[in-house]
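Here are my notes for your first look at this one. Take them in order, with the view open beside you.

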Amino acid sequence: MDKFVRLTATACPLSLPNLNTDQILPARYLKWPRSKGLGTVLFDDVRLDANGKPRDDFAFNDEAYRGAKVLLAGRNFGGGSSREAAVYALYDHGFRCVVAPSFGDIFSQNAVKNGLLTAIAAESDIEKLAALVRETPSQPVTVDLEKQTVSGNGISFKFMIDPTSRNQLLNGWDDVDLTESYRDQVAAFKAKDKTLRPWAAPAKP
Amino acid sequence: MVLYYCGPPKGPQPLKQTDRKMSKSQTLIDKLWSMHEIVRRDDGASLLWVDRHYVHEGSFHAFSQMKKRGRNVAEPQLTFGVADHYVPTRGRDGGIANPEIAAMVRNLEANTGENQITLFGLRDPRQGIVHVVGPEQGLTLPGLLIVCGDSHTSTHGAFGAYAFGIGASEVAHVLMTQTLWQKKPKRMRITVDGTLGTGIAAKDIALSIIARIRADGAQGHAIEFSGSAIRALSMEGRLTLCNLSIEAGGRCGMVAPDATTFAYLKGRPFAPKGSDFDRAVETWSALISDADASFDREVLLNANEIAPIVTWGTTPDDASPVDGRVPDPARESDVTRAKYLREALDYMGLAPGTKLTDIAVDRVFIGSCTNSRIEDLRAAAAVLSGRVSKVPGLVSPGSSSVKRQAEEEGLDKIFRDAGLEWADSGCSMCVGINGDLVPSGERCASTTNRNFRGRQGPGARTHLMSPAMVAAAAVSGHLADVRPLLTGRKA
């Protein structure tokens, strides 16, 4: 997994609340292998109108935000379905950080496993920055995970992140390797658990 | 409806670590957590042992990740496969016509076959929706930690299990190690005391809770449902309630096991048998929150005041009692909320202030991991019996076993006589990836869990409600209060 320490890039303001994972990546794309280009169908059902034309009122479609790596989002971003492909779609499109007032629990966990930072900040701070970004989209913002700050366009604010996720992103830890280092503890737990909870194993039908 | 809410104000939850008072009293959540904790890191992450891992067609990303590392499934006997997300619900005896969908089902067969994982595949008489099959096969038990690459895994918490949905990377981790790194969630108790009125179901409790605490109200929390109205629920009702925990933002919801739980489990194929079962019941009976245990948040509801609920917008917290009206964005002082409401009503094709019972529907759907169990089908049939649906509709039982039982009880005939289609089991029109879609612009009264834009198909308009309320909408042709339709009938 790629580490995340500090990022300076342009941002895309997307203030809609409740952009759940069905909106981030519609279910019909879930059978696609990642190599087919999930980044190209990101936000398809909110991005396009009923005739398949890009909607003018959806900032993501604006040329000015092309190449943005930071997404300034609304409350409850990534709620709903556990589909990790929603994270793949954001990442493969180029986003490395989403700043929002709150995130779906499963989405946050999926994000950190893929090197995508989910930064929790006050709605007022995000809105203030989003307004400035709308004025000058080319101005980059800097997201600093060590300091837990988002800054740019002359303002700066703190963001929150679960310390475990922060650790994992800063170090680029791989969970499976980490778990391997606890192999003995896992084996000991398993042996003891068999005697403590004999009923936990499925019975023979 | 008066709902009492005690807790911090709504809105984003600070992630600040709070000192929990050290106490010997434990909640059910604490007990389940400590039963599965192998190690805890300094930064607060714990490595947990996983007792059951359910996989489905969508788990292919995870199997690929595992293969890429050259690894095998650590505990195949604790892993179970179910074909549900992509399976056709109609005409599947002749095979799967759509090659992409056929490939998804074949892929699951290959991945489970190569790894010695038991599969409840398309042709298996036990096939069904994973969250229906796990409980009915006795694989889901109290005191277990259960995961699946599906957010509605919270369903299994109905048995007093610690059950939650995970993404593909976590699925891969569980496949390879049978463990998972997790941070202990905060604890929320939702107490529902009182007695539900006639025609009111677990779905109405759940939608009332979600409307009150909002779609993100339980983020970062594990929920325990308690109170006399919860105790009075059947296992089917508890499964519906826990299923919808995720729609309130809670990754897991649970109900402490009791006599109802044990009676349901006794004799199930994979449940402990004979004296093993009795010994298990002794352990399971201790899986309750201690009387003086404290929770991070408490929410209280009065069951007597819960009315039939329907949704009108594009998130499950856009829910109101059926005698209400569509809200008016012009009366909303919060600018962001007003903008959201305008977009939601525009998508739903609804005018502000419309009476909910004036909303005409184009079709109905009864099914999904939320509401497709035998009790759900009986509740819908009780309304439909001797009546005709004014709109087309699809009924997809939660499992092949539920289907057989419903047919033994003659429920299929009631649905067919009412003009609805009686189909096979799968996730079907809840998520539409098997091809069961609501056409664009059409309005569907649905027993499912998500009224998100495009959830039942691009442009589809979904109204969530209980099975009995869907039946009421079917025979009325518009959203309707089921209660008058039950007069003189056994609900």
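1. In chain B, 77% of the contacts with a separation of 6 or more are between residues 24 or more positions apart. Two residues are in contact if their C-beta atoms, placed from the backbone, lie within 7 Å.

2. A word on the ground rules. This is a predicted model, where local features need pLDDT of at least 70 and side-chain atom pairs count only at pLDDT 80 or more, while totals for chains, interfaces and linings use all residues. Residues are numbered from 1 along each chain as its sequence is written, with chains lettered from A and ligands numbered from 1 in the order in which they are written.

3. How does chain B compare with a compact globule? For 491 residues such a globule would have a radius of gyration near 23 Å, and chain B agrees with its 22 Å; the radius is taken over C-alpha atoms, and the rule is 2.2 Å times the number of residues to the power 0.38. The C-alpha trace of chain B spans about 55 × 55 × 45 Å along its principal axes. Of the 491 residues in chain B, 60% are buried (20 or more other C-beta atoms within 10 Å of the residue's own, with C-beta atoms placed from the backbone).

4. Chain B holds 15 helices and 20 strands. These are DSSP runs, numbered from the N terminus: helices are H or I with at least four residues, strands E with at least two.

5. Have a look at the open sheet of chain B, with three strands in the order β2-β3-β9 and antiparallel pairing. Strands pair if DSSP finds at least two bridges between them. The edge strands, each pairing on one side only, are β2 (37-40) and β9 (179-183) of chain B. β2(B) and β3 (residues 45-49) of chain B are joined over three bridges, and Glu37(B) has Leu48(B) in β3(B) as its bridge partner.

6. The domain assignment, automatic or from a database, gives chain B domain 1 (45-181) and domain 2 (321-486).

7. Finally, the two chains: 50 residues of chain A are in contact with 65 residues of chain B. On chain A's side, α4(A) gives the most, with five residues.

How values were computed: Buried ≥ 20, exposed ≤ 12 C-beta atoms within 10 Å, placed from the backbone.
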